[in-house]
Amino acid sequence: MIKENNLMARTGLLGMLCLLTLLTCLSCNQSEEISYSRHIKPILNEYCLSCHGGIRAQGGLSFLFEKEAMEAQTESGLRPIVPGRADKSEIIKRMRSNDPELRMPKEGPALREGDIQLIETWINQGAQWDDHWAYAQISNPNVPDLDTAWGSNAIDHFIYQKLKEKGLQPSGRATPDELARRLSFDLIGLPPTLENAGEFLKNPTNVHFDDLIDRLLDSPHYGERFASMWLDLARYADSNGYEKDMGRSVWRFRDWVINALNDDMPFDQFTIEQLAGDLLDVPSTDQSIATIFHRNTMTNTEGGTEDEEFRSMSIIDRVNTTFEVWQATTMSCVQCHSHPYDPFKQEEFYELYALFNNTQDADLDSEYPFLMETDSVQKDLRQVRAKILALKGEAVGDLNYIDKSEIKNLAHPRLFGHFADDFQHVLIANDGEFSNSSYNSNNQKDKKYYLIFQDVDLNDLEEIRYHYFCRGDDAVIEISLDSIEGPIISRTSMTSSPGKDKDWQWKSFPLEVSQNGIHDLVFHFINTTGDFRNGVVSVKEMVLGYQGEETTQALRSWQDTLLALYQGGIKSPVMKERTAALRRPTHVFERGNYLVKGAKVQPNIPEILNHEDVIVVDRLDMAKWLVSDKNPLTARVMVNRIWEQLFGRGIVETMEDFGTQGFPPSHEELLNYLAYQFSHDWNWSIKALIREVVSSDIYQQSSRTSANQLEIDPFNIYYGRGTRARLTAEQIRDQALAVSGLLNTKIGGESVMPYQPEGVWQITYSSAKWEAKHESDKYRRGLYTYWKRTTPYPSMTAFDTPSREFCVSRRITTNTPLQALVTLNDPVYVEAAESLGAWMTKQGQGDLKKAIERGYEKALLKKPNEEVLEILHGLHEESVQPMAMHVSMDRNKKKILAPMTVVANAIMNLDAFLNKS
């Protein structure tokens with residue numbers, strides 16, 4: 001088998017392509033226009049930008065931006081580039097100089113003469129500066145005409161044109177069984193069944209193939225298949241990472257992705273809801289769940305770590321992830337300095353950072369803010385609501401669903417952490433407790449942490465009663481009105497609680513300044529000494545004391561019940577914007593250090609991508625820009641991702657990098673055509689995009705190759721044959737379970753824990769165990785396996801699944817002996833072989849060859865040839881003798897069943913079974 005993903009070979013091929021491009025340009029007439037982005041920039045990247053780029057601008061010269069290159073105030077005082085006059089341009093003189101002190105580049109080999117001549121020609125032509133292909137606005141290219149009847153749609157026209165240029169021809173159609181397997185794995189991630197693909201296998205016409213496409217796209221398993229791709233991008237995991245790596249409840253996001261894909265939610269809406277669902281007008285529960293996309297960042301709960309440091313790291317990750325997922329742009333280096341090769345300035349990174357810098361999450365153990373799921377206890381909540389309203393003397397009325405706002409109303413006049421609208425550096429524990437942390441605010445002596453409740457009725461408010469615990473006597477709670485800088489209406493010094501343990505006490509404090517009306521209350525928790533061992537106050541709840549109003553014991557009891565039901569729900573961390581009163585300013589981090597603040601910046605998007613001066617002030621503006629006609633990259637990037645999922649390689653192979661250091665597109669006009677159709681005629685429909693691709697003749701080609709194809713196109717860059725690729729980790733596991741009849745096809749729900757070896761999951765900080773809640777959980781699809789970042793599921797890690805600590809655009813396929821050991825010996829594969837073997841035995845009805853033939857056909861949709869059948873029959877016979885030594889009274893049954901397990905295991909380890917072709 002030819003290994004088509006050998007990185008070194010591909011890199012060498014890229015160098016050959018660049019050299020061929022250069023030679024072609026040199027052979028052109030001097031009057032033919034040289035492109036800066038296609039011809040000159042690659043040379044500068046290779047030789048010049050390490051000293052004259054985004055990291056360094058030695059001698060006052062940088063080639064990263066046109067203005068800096070053309071108008072540079074160099075130390076020598078000489079103009080590096082004089083448009084129209086290469087003979088007057090200093091860079092040409094330096095490139096040709098024999099003086100080691102003057103020659104450029106100073107270190108490493110000199111430029112090739114052909115490179116210098118190309119730059120000379122470009123300068124003499126006027127040194128025109130054009131944008132990199134990926135930053136140009138998307139237009140709808142003309143579909144090439146064909147001089148052949150081959151081809152089903154426009155995709156085939158673009159591919160055939162390139163094949164013809166390269167002296168290649170497309171391959172014939174794949175066999176029906178190969179096509180059915182390829183299509184089924186590509187669209188639903190599961191093997192086809194004889195029943196599902198039967199009509200096409202009997203009569204493989206285009207009509208039957210189109211019908212199979214429609215049925216697979218309509219399958220609920222379609223969403224599961226493409227959710228796997230998206231969860232890699234979203235760095236979805238069931239634990240929060242770092243040293244403790246504690247569990248978190250984010251599986252509702254995974255289910256949201258599955259449902260959105262199944263519903264064919266337009267990709268523009270899919271984008272907006274994930275990046276800014278919380279900023280939509282009256283966001284729904286699903287739109288809030290969608291924002292978990294950016295709550296998948298890691299949280300460091302290890303003792304002694306600095307919350308602000310890791311909050312900043314999460315924001316940086318959100319910028320990097322957003323630009324990798326939607327723009328295929330590498331931004332991680334720009335947090336420390338301008339991009340070495342692409343036109344992105346460090347200031348622009350922090351202008352993007354400002355868009356994410358005012359969310360409420362702050363690297364807290366509690367994962368606040370979160371969405372409480374109370375669907376399972378709505379009946380109980382309604383009953384408690386009736387009791388509370390009766391005690392308050394209010395009409396019960398009819399309310400179908402009790403949400404957070406209703407819970408707040410029912411709990412009045414009590415304030416709990418779960419009702420807070422915003423906070424700054426306040427730890428809210430699972431029981432609703434507030435506690436300060438070790439963050440040093442702008443005041444280097446006092447440590448302040450803020451909690452804000454909005455729209456509090458202050459009419460007739462006399463006092464506030466705290467249920468608290470305090471260590472030391474240096475803690476103060478202040479209450480200001482409407483903002484941090486607002487007037488102080490209460491200042492309370494908290495005294496130590498009696499006893500050595502956490503003895504909670506109640507204490508009332510009158511308001512120092514009476515107020516009327518509806519206002520926001522900002523609670524300041526202050527440690528006046530800066531010593532975390534003294535002046536630490538924890539508050540469970542506050543009770544607003546109104547004139548003439550009392551909270552009876554009965555009412556308090558029912559309110560406690562209400563809160564217990566509410567807190568007992570599933571807490572899913574979501575994005576939520578800070579209130580205006582607590583907005584953070586954003587500064588450039590000098591050299592990426594969050595402690596060293598530079599210039600203050602405002603939200604914005606990079607100039608190179610902002611062709612029409614779009615103004616953005618928040619995440620919602622940014623999300624809308626990403627999927628607008630004004631953005632040149634999003635549609636191209638998403639089309640490329642889907643293409644890679646179906647062909648094993650993107651039109652741009654470097655999925656994560658469309659910049660000048662990434663690979664150029666193999667079929668640029670095809671990419672532009674599909675991107676335009678996707679974002680215009682198909683209204684961002686992913687299913688429409690996929691249907692168009694898999695309906696093409698190019699997708700349906702046989703993967704068999706010829707000597708001519710191997711010589712001209714060894715890596716199938718021009719798609720002269722079908723793609724042969726190993727299945728993904730999830731697909732390999734799911735296929736074994738499906739073919740054996742063990743697969744549990746339930747969709748959605750909490751993550752599950754199938755069998756894994758003892759000792760893999762080491763839990764130091766909790767009593768959690770790796771165990772299946774239900775027997776059938778062992779046979780769920782791999783997508784639902786509990787994903788722990790520090791110890792991912794071993795059998796899937798062997799097949800290249802990422803840890804999901806960070807965004808991953810493509811999994812690099814490897815081949816190792818460990819993979820064979822997994823499929824031969826992992827308990828799930830052994831159980832699958834036992835189940836398939838038992839089915840084969842039953843189907844054979846005493847005929848051994850018939851049993852083997854039926855099992856092979858179930859696994860691969862075709863009957864084995866005589867040679868294969870004899871080999872498998874021989875394997876069965878070889879397995880009979882060892883098993884005969886271990887049989888019991890039921891000798892004949894054991895003698896057949898166990899050897900059949902060995903045959904089934906062999907079938908499920910065949911190359912044809914583990915690959916799609």
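Okay, one definition before we start: buried means under 20% relative accessible area. Keep that cut-off in mind, and keep in mind too that this is a predicted model.

So, salt bridges. The count here comes to 43. I'll walk through a few of them.

Let's begin with Glu730. Is Glu730 buried or exposed? Its relative accessibility is 5%, which is under 20%, so Glu730 counts as buried. Its partner is Arg811, and the closest N and O atoms of that salt bridge are 2.9 Å apart. The pair ties together distant parts of the chain: Glu730 sits in helix α24, residues 729–740, while Arg811 is in the loop between α25 (794–797) and α26 (817–825), and the two are 81 residues apart. There's a network here as well: salt bridges link Glu730 and Arg811 with Asp232 and Arg804.

Next up, Arg619 and Glu577. This is another salt bridge, with 2.7 Å between the closest N and O atoms. Again it links distant parts of the chain, 42 residues apart. Arg619 belongs to helix α19, residues 619–626, and Glu577 lies in the loop between β13 (570–573) and β14 (586–589). And how about burial? Arg619 and Glu577 are both buried.

Last one: Asp115 and Arg112. Their side chains meet in a salt bridge at 3.2 Å, N to O. Which side of the cut-off does Asp115 fall on, buried or exposed? At 1% relative accessibility, Asp115 counts as buried. Arg112, on the other hand, has a relative accessible area of 40%, so we call that one partly exposed.

That's my tour; have a look at those residues in the structure above.

Terms used: Residues are numbered from 1 along each chain as its sequence is written. This is a predicted model: local features need pLDDT of at least 70, side-chain atom pairs count only at pLDDT 80 or more; totals for chains, interfaces and linings use all residues. Side-chain values use heavy atoms; hydrogens and water are left out. A salt bridge is a side-chain nitrogen of Lys or Arg within 4 Å of a carboxyl oxygen of Asp or Glu. Buried means under 20% relative accessible area, exposed over 50%, partly exposed in between (1.4 Å probe, protein chains only). Helices (H or I, at least four residues) and strands (E, at least two) are DSSP runs, numbered from the N terminus.
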